[in-house]
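Subject: Handover of a structure and the findings on it

Dear colleague,

Please find below the structure that I am handing over to you. I would be grateful if you kept it open while reading the notes that come after it.

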Amino acid sequence: MAVPNERIRNFCIIAHVDHGKSTLADRILQLTGAVDARNLKEQTLDTMDLERERGITIKAVAVRLTYKADDGQEYALHLIDTPGHVDFSYEVSRSLAACEGALLLVDAAQGVEAQTLANAYKAIDQNLEIIPVINKIDLPSADIDNVRRQIEEILGLDGATAVLASAKEGIGTRDVLEAVIKRIPHPKGDRQISPRALIFDAKYDSYRGVVVYVRVMDGRISRGMKVQMMSNGLKYEVAELGFFCPAITPADALEAGEVGYLICNIRSLKDTKIGDTVTDALKPAERPLPGYEEVQPVVFCGMYPAAANDYQELRDALERLQLNDASFTYQADSSDALGLGFRLGFLGLLHMEIVQERLEREFDLTLVTTVPNVAYHLVRMSGESFSIENASKMPPPGEIDRIEEPYIEADIMCPTEYLSAVIDLCKKKRGIHVRVDYIDSRRCMAVYQLPLAEIVLDFYDKLKTYTRGYGSMEYRLIGFREGDLVRLDIMLNGEIVDALSSIVHRERAVWVGRTLAVKLRGLIPRQQYEVAIQAAIGAKIIVRETVKPLRKNVTAKCYGGDITRKRKLLEKQKEGKKRMKQVCCGSTKSRNRPCRRKKRNPQTLHERSRRCCCRR
Amino acid sequence: MCSEIENCEGPDAAETVFFGGGTPSLVAPESLEEIFAALHSRFTFTNPEITIEANPDDVDAALASAWRSIGVNRISLGVQSFNDAALHYLGRRHDAARAHRACEIVRERFENWSLDLIFGAPPVSAWEETLRTCVELAPPHVSAYGLTYEEGTPFGKRKSEAVDEETSLTMYRQARAALTDYARYEISNFARPGCECRHNLVYWRNEEYAGFGPGAYSYVNRVRARNATKTDEYLSAPGKKDETLHLSDREIRVETVIQYLRLRAGLRNRAYLERFGNTVREDFGVVIDGLIRRGLIAEDGDGIRPTELGFELNNEIGLALV
């Protein structure tokens, strides 16, 4: 028997890392009897074993719960997990679009954080009903009044209506669910018309192929139905559908208002676009659901196998990885210094790290990764425009009308005493001041618009240094802007080193060039002759560093036992010279990994959110 | 040590003996005599060169005469400098006057003797002074080494005190200029005609040698090996190796060319051919051409030899060859 719309609620939990999202989810599962306390392993939504015996290895990103409310009625609740990180902001927005309401979880001791804000604003934009939940009220350092005030002042929500809870102690869980029933509107889809279902997530399962998560907006989708993806017209037959309760539970149909899964023998995630609309292939809906976008990579880097003969292995690994992460792109590339490799595109820096780590861990590859860069938008004199992310492929200056670079708007939160340092940093990074909000007497939030290229370089590390680790930050892409951008070449004895060319802002060119040249000067072993390291814009040399020639290099004493020792020393030096070329290209090992994390499976969204706590 | 000598393997004919490393001048002449006896019972010598390294502090007329009477015919005197400040910096016990006296004692009793000198210790002016005194004393042989701050030694931590490369180069050239009556037959070694150190030439030609005592290296039958370095370990099993390296044919060829190119005479084509069965160009033609182009070595009809630049940047030759 189908549950009527009036007794369905679709919601998600928005929270900053460590504010207790997983624990609250567990309490809700426990209270609704989906998992009994005895079997409740820590954070059920995170565990994989549960489903393995049923031939499915992925984790639930949406669960269906049955809740008997105080009004005596039974309700079907769909709790939808959301990715926690800005790189996946489009996915977040689609998950939110599948809900009518959201629980905004705020730590009673720590208050509102940058990440809370970013996602809360997204939820407000989507017209979601937001229920603030103040968690961890049992902590001695809890300051409930202050958090209520923050919720009102920063988020513009009614702090007085916040539900008080301690998920860890099981306090207030029922109040949370009653608020969900009373305050979140029920879905309003028409079940009689052609079906339209929003794809808000998809996972690849090695047994079953792609598992698609949908929110049915209109009509119904039933087992055996021939369905169609509205973005690309691909057609499939629904082999199975149903709910995660949290155990996988097949059903006959998904009705408007419901959230569940579809399995349709889809082989690759590439064919499943988040935000796409699923409809009846025989009686398709007229228009797809609004908001679908093709996600474009914004951060790029080269990846090369450390051992040249691992190239084929890397190619295979990328192919296989793309089965369950279709959001990165790759194409073959080669470099004089590094040989054959690939150029990859990512949704963001964290996404880049996830992919790199999976390649290294799951496929046991050792990679040399070049410094990341962003994609620019280039308009030719002829009016023709295209995207460019590799400086060495830039046309001559005479052919270029303008170059635009991606900009982001960043919310940077920090204790007030670090505000001037943060402003200083943003200025150095070509930031445009938007405003500063004071959260309370101790903390504030600076809003800046910055070129993404500056963020990609070393912004996070710098922010941590400038704020002694207290700064947190979120950002969103706000589009492309014209900039005075130039191609900066690095030359060794007059010859351009392709791999070191970059696109930089003219004002920053000398600084970037000097930094690179000085780094190179330290790396290039001295030779018999002088080596000139130059940075140039076109024919104009803007920086010159010199590696002085060797004047005296001799082993004064070389007797009996010294001979072999000396030969080995020379061999080592020679090896060092060879490796120097690689080092010039940089390795992300040190640049992008500010801290070493525990090994985790990055497949789940929970983990994505936890990861960003390491970084931020 | 005597038992180690008597039991050692390898050929019977020997040409040179060198008591060196550490401070052999502290060894009592009677003990030296015993070692000599062991050497003579194990090896046959014809016209040997027998050198002992001596500390100026230890040298007196009696000891020098004793050495002479037991068969030593060459003294290598570790003077290092004739400047007191430099000697202090180097941590030597003797001063310039003592060094001078030791030279006189040795000169009166030995025809063949050598001065060991070090440049690069402050003050910079010490080197000219040392060279001047050296020329006055006119030893048949001089070794002049640049001070190296080797890792693992007390000097390793003081690398920042080293004179700059340019100064070091100037000092090296000063030695060459001052010692005009000598031939610089190796990077750091100068000799009057016929007074080259025959023993050290063995190393620079990468020929075989046997080493005795704690930490001594041997190179016999393509194996380079080191005796146990700790005295107690050595005494419990004399001749037991703590490091043994079987050199490949390629490694031997590389080491041989590198060593020969420390010598003014360089490497004769015929010597290489006789030893390895093919020409040096067959093995290293491309590298040799590269080194000639870079001005580090020159071809002179029947072989290759380092140029002046090749002396000063000798490690570059080695780097190209490995």
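**Confidence**

Please bear in mind that this is a predicted model. The average pLDDT of chain A is 84, and 88% of its residues score at least 70. Two stretches of chain A call for caution. Over residues 42–57 of chain A the pLDDT is below 50, although the model gives this stretch 35 contacts beyond near neighbours in sequence. Residues 581–616 of chain A also stay under 50, and here the model has 72 contacts beyond four places in sequence. Where pLDDT is low, predicted coordinates should not be read in detail.

**The sheet in chain A**

Six strands of chain A form an open sheet with mixed pairing, in the order β2-β3-β1-β4-β5-β6. Which strands stand at its edges? They are β2 and β6 (163–164) of chain A; each has a single partner strand, so one side of each is left without a neighbour in the sheet. The partners β2(A) and β3(A) run antiparallel and are joined by seven bridges. As an example, L65(A) has L77(A) in β3(A) as its bridge partner. Helix α5(A) packs on this sheet, where it touches β4 (101–107), β5 and β6 of chain A. The direction of α5(A) makes about 160° with that of β5(A).

**The sheet in chain B**

Chain B has 14 helices and 13 strands. It consists of 322 residues, of which 38% count as buried. Among its contacts with a separation of 6 or more, 64% are between residues 24 or more positions apart.

An open sheet in chain B is made of seven strands in the order β1-β2-β3-β4-β5-β7-β6, and its pairing is mixed. At the edges are β1 (13–19) and β6 (183–186) of chain B, each of which pairs on one side only. On average, neighbouring strands of this sheet are turned by 20° against each other, direction ignored. Within the sheet, β5 (residues 141–146) and β7 (residues 189–191) of chain B run antiparallel and are joined by three bridges. H141(B) has A191(B) in β7(B) as its bridge partner. Helix α5 (residues 96–109) of chain B lies across β3 (74–80) and β4 (112–119) of chain B, and runs at about 170° to β3(B).

In soluble globular proteins, nonpolar side chains tend to be buried together. The largest nonpolar core in this model has 165 residues, and A102(A), I221(A) and I412(A) touch the most other members. Helix α10 (residues 452–466) of chain A supplies the largest share of this core, namely eight residues. Another core, of 43 residues, lies apart from it and includes I75(B), A102(B), L117(B) and Y172(B).

What does A102(A) touch, leaving aside its neighbours within four places in sequence? Its contacts are F11(A), C12(A), I14(A), L96(A), A123(A), L128(A) and I130(A).

**Where the chains meet**

The contact between the chains takes 21 residues from chain A and 34 residues from chain B. On the side of chain A, seven of these residues are nonpolar, seven polar and seven charged.

N127(A) lies in the loop between α4 (114–125) and β5 (129–135) of chain A, while K136(A) lies in the loop between β5 and α5 (144–155) of chain A. Are these two residues buried or exposed? N127(A) counts as exposed because it has 10 C-beta neighbours inside 10 Å. K136(A) is buried, because 24 other C-beta atoms lie within 10 Å.

D70(A) is placed in the loop between β2 (62–68) and β3 (74–80) of chain A. It counts as exposed, since it has 10 C-beta neighbours inside 10 Å. Its C-alpha atom is separated by 9.6 Å from that of I181(A), which is 111 residues apart along the chain.

Finally, there are cis peptide bonds to look at. One joins C245(A) and P246(A), with omega of about -5°; P246(A) lies in the loop between β12 (240–244) and β13 (248–251) of chain A. Another runs from P122(B) to P123(B), with omega near 0°; P123(B) lies in the loop between β4 and α6 (126–137) of chain B.

Yours sincerely,
A colleague

Definitions and conventions. Residues numbered from 1 in each chain as written. Chains lettered and ligands numbered in written order. Predicted model: local features only at pLDDT ≥ 70, side-chain atom pairs only at ≥ 80, totals over all residues. Core = buried A, V, L, I, M, F, W, Y, C linked by C-beta atoms within 7 Å. Buried ≥ 20, exposed ≤ 12 C-beta atoms within 10 Å, placed from the backbone. Helix = DSSP H or I, 4+ residues; strand = E, 2+ residues; numbered from the N terminus. Contact = placed C-beta atoms within 7 Å. Pairing = 2+ DSSP bridges. Axes fitted to C-alpha atoms, helices over the stretch in contact; angles between N-to-C directions. Nonpolar A, V, L, I, M, F, W, Y, C, P; charged D, E, K, R; others polar. pLDDT = per-residue confidence, 0-100.
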